[in-house]
Amino acid sequence: MRIILAGFGTVGQALTRVLHKDEQRIVQAYGFRPQLTTIVDSRGSCFDEQGLDIPLVLKTKEKYGTVAKYPGSGHRNDDSSRVISDSEAEVVVETTPTNYKDGEPGLSNIKTALSTGKHVVTANKGPLALAMPALLELARHRNLQLRFSGTVGGGTPFLDFAAKCMPGERISRIKGILNGTTNYILTRMETSSLTFEKALAEAQKKGYAEKDPTNDVEGFDTAAKIVIIANWVLTKGISLRDINITGISKITPQKLRKAQASGARIKLIGRIEESSVSVRPEEIQAEDSICVPDTLNALTFSTEHAGDITLIGPGAGGERTASAIVRDLVSIRKEYAV
């Protein structure tokens, strides 16, 4: 399986390490050899039709900040869509930074990949949040796979669970905590009476929050994941514009203490109901199975016959997301034997 990797940040580099380390296991267990032939980052690209030397690629990226300096076949300032279009491969893995304004460059990368006959695995939520129904339709039209397990829950298989473990069961509602950054901030505000600003600063220091935390604390990251779940699990056909979004920046320690006095916790909850989709802080009873602390994620599927089923697990991290990408590559192999 020849792979083009678009985006070579934390997730992209973690994926290359996992594929390099687990190559023989993947060959023996699943019958294919994942071969990275092209990598594109924000400053250039590198290519080797026989498969890139992964340790050398990683060393080049660390030393120069770009794969454009890869010996022999590095190129500067390549347009990722053009590289994807011109390169021969079975799969494009899209891990460029998330952009909720216009989805670029990930949106163009995915469209180009599907339009040129390549399956796509993406960990990038932006294109799906803005244009998921259209992208799924394009993949169906081209008889190709668009997979995105790593966009929701990192290594915790929220999407695969709903798709593969609950066929025949009607899921009426879904609710959950889908952002570890905000969950950590709210946990610290509650347990140590920190202000939002102090808890955020602590989360940034620990690496849980970005330098610009807007997407997390204002609810956009959770909303993007809710869009993906709503479209994939419940075929809602919605985008980010259809969700009422409220973040956590207005939450105070006083509000948290008031909720705690009634046996509840305030959490940022993504919720999909029959007629509405929302992201907002809610009071959740402490004994509710989704009321998890720190950076954990939790998602409850309310079903017609089996009742409420909750999955809990870590929601982010480069290696965990890389494991979800590998899971998707294996699924593509099983489906199409490329």
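Phe161 and Phe301 are both buried; keep that in mind for the first exercise. Everything here comes from a predicted model.

**Exercise 1.** Classify the ring pair of Phe161 and Phe301, and say where each residue sits.

*Solution.* Start with the geometry: the ring centres lie 5.9 Å apart, inside the 6.5 Å limit for a pair. Next, the planes meet at 35°, which falls between 30 and 60 degrees, so the pair is tilted. Now place the partners: Phe161 belongs to helix H7 (residues 158-165) and Phe301 to strand S12, 140 residues apart, so this pair links distant parts of the chain.

**Exercise 2.** Check whether the length of helix H8 agrees with its residue count, and work out what covers its buried residues.

*Solution.* H8 runs over residues 180-192, and its 13 residues should span 18 Å at 1.5 Å a residue. The end C-alpha atoms are 18 Å apart, so the two agree. Ten of the 13 residues are buried, among them Tyr184, Ile185 and Leu186. Their cover includes strand S8 (171-177) and helix H9 (196-205). At the helix start, a side-chain oxygen of Asn179 comes within 3.2 Å of the backbone nitrogen of Thr181. Just after H8, Ser193 has a positive phi of about 55°.

Definitions and conventions:
Residues are numbered from 1 along each chain as its sequence is written. This is a predicted model: local features need pLDDT of at least 70, side-chain atom pairs count only at pLDDT 80 or more; totals for chains, interfaces and linings use all residues. Side-chain values use heavy atoms; hydrogens and water are left out. Helices (H or I, at least four residues) and strands (E, at least two) are DSSP runs, numbered from the N terminus. The expected span of a helix is 1.5 Å times one less than its number of residues. Buried means under 20% relative accessible area, exposed over 50%, partly exposed in between (1.4 Å probe, protein chains only). Contact means heavy atoms within 4.5 Å. A polar contact is a pair of N or O atoms within 3.5 Å; within protein, one must be able to donate a hydrogen and the other to accept it, and residues adjacent in sequence count only if both atoms are side-chain atoms. Rings of Phe, Tyr and Trp (its six-membered ring) pair if their centres lie within 6.5 Å; planes under 30 degrees apart count as stacked, over 60 as edge-to-face and the rest as tilted.
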